[in-house]
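Visitor: I would like to learn how to read a structure such as this one, feature by feature. Could you take me through it, giving the general idea before the particular case?

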Amino acid sequence: MDFYDGMAFYEDRKGYVIGDPVNGKWMILKTSNQGETWTILETSPKANEGEAVFAASGSSICVDKTHIWFASGGSSSRIFRSSDSGLHWETSPTPIAQGVASQGIFSIVRLG
């Protein structure tokens, strides 16, 4: 059984869930039919060794029409961003405490 840390939807139909890395890549699934079916996002970005996503009320991921953002912690604390629905990814390091399993970003929100 898989465990997913966060879930976000845009306009109730298009949604994403994120789980911790599997084989060095983030486990991200997507749906376009309100969650009736899910597919693995094959273009999910690579994770650093020991990097994870926290399950803080499922709020480690945000989406809008074409953007996906998620935050990590553990060995690295980074922000991941895609502006094309997950085809390409950019990462930004953060000054948040990191390096230990319980450190990093627990939650993010999209304003506007």
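**Reading the chain**

Guide: Asparagine 23 lies in the loop between S2 and S3, where helices (H or I, at least four residues) and strands (E, at least two) are DSSP runs numbered from the N terminus. This is a predicted model, in which local features need pLDDT of at least 70 and side-chain atom pairs count only at pLDDT 80 or more, whereas totals for chains, interfaces and linings use all residues. Residues are numbered from 1 along each chain as its sequence is written, and side-chain values use heavy atoms, with hydrogens and water left out.

Visitor: What is the phi of asparagine 23, and is asparagine 23 buried or exposed?

Guide: Most residues other than glycine have a negative phi. Asparagine 23 has a positive phi, near 55°, and is exposed, with a relative accessible area of 80%; buried means under 20% relative accessible area, exposed over 50%, and partly exposed in between, with a 1.4 Å probe and protein chains only. Serine 85, in the loop between strand S9 (78-82) and strand S10 (90-93), also has a positive phi, near 60°, but serine 85 is partly exposed, at 22% relative accessible area.

Visitor: How many helices and strands are there in the chain, and what is its radius of gyration?

Guide: The chain has zero helices and 10 strands. Its radius of gyration is 13 Å, close to the 13 Å that the globule rule gives for 112 residues, so the chain is as compact as a globular protein of that length; the radius is taken over C-alpha atoms, and the rule is 2.2 Å times the number of residues to the power 0.38. Along its principal axes the C-alpha trace spans about 40 × 35 × 25 Å, and 40% of the 112 residues count as buried.

Visitor: Which residues touch the most other members of the largest nonpolar core?

Guide: In soluble globular proteins, nonpolar side chains tend to be buried together. A nonpolar core is a set of buried Ala, Val, Leu, Ile, Met, Phe, Trp, Tyr and Cys residues joined through side-chain atoms within 4.5 Å. In the largest one here, which has 14 residues, Ile18, Trp26, Ile28, Ile61, Phe70 and Trp89 touch the most other members. Two or more residues each come from strand S2 (14-22), strand S3 (25-31), strand S6 (61-63) and strand S7 (68-71). A second, separate core of five residues includes Trp69, Ala71, Ile105 and Ile108.

Visitor: With which residues is isoleucine 18 in contact, leaving aside its neighbours within four places in sequence?

Guide: Contact means heavy atoms within 4.5 Å. With those neighbours left aside, the partners of isoleucine 18 include Tyr4, Trp26, Ile28, Val53, Ile61 and Phe70.

Visitor: Where is glutamate 51 placed, and is glutamate 51 buried or exposed?

Guide: Glutamate 51 belongs to strand S5 (residues 51-52) and is buried, with a relative accessible area of 4%. Beyond its neighbours within four places in sequence, glutamate 51 is in contact with residues including Pro21, Trp26, Arg78 and Phe80.

Visitor: How far apart are lysine 14 and aspartate 64 in space?

Guide: Lysine 14, placed in strand S2, is partly exposed, at 22% relative accessible area. Lysine 14 and aspartate 64 are 50 residues apart in sequence and 8.9 Å apart in space, C-alpha to C-alpha. Not counting residues up to four places away in sequence, lysine 14 touches Ala8, Phe9, Thr31, Ser32, Lys65, Thr66 and Ser85.
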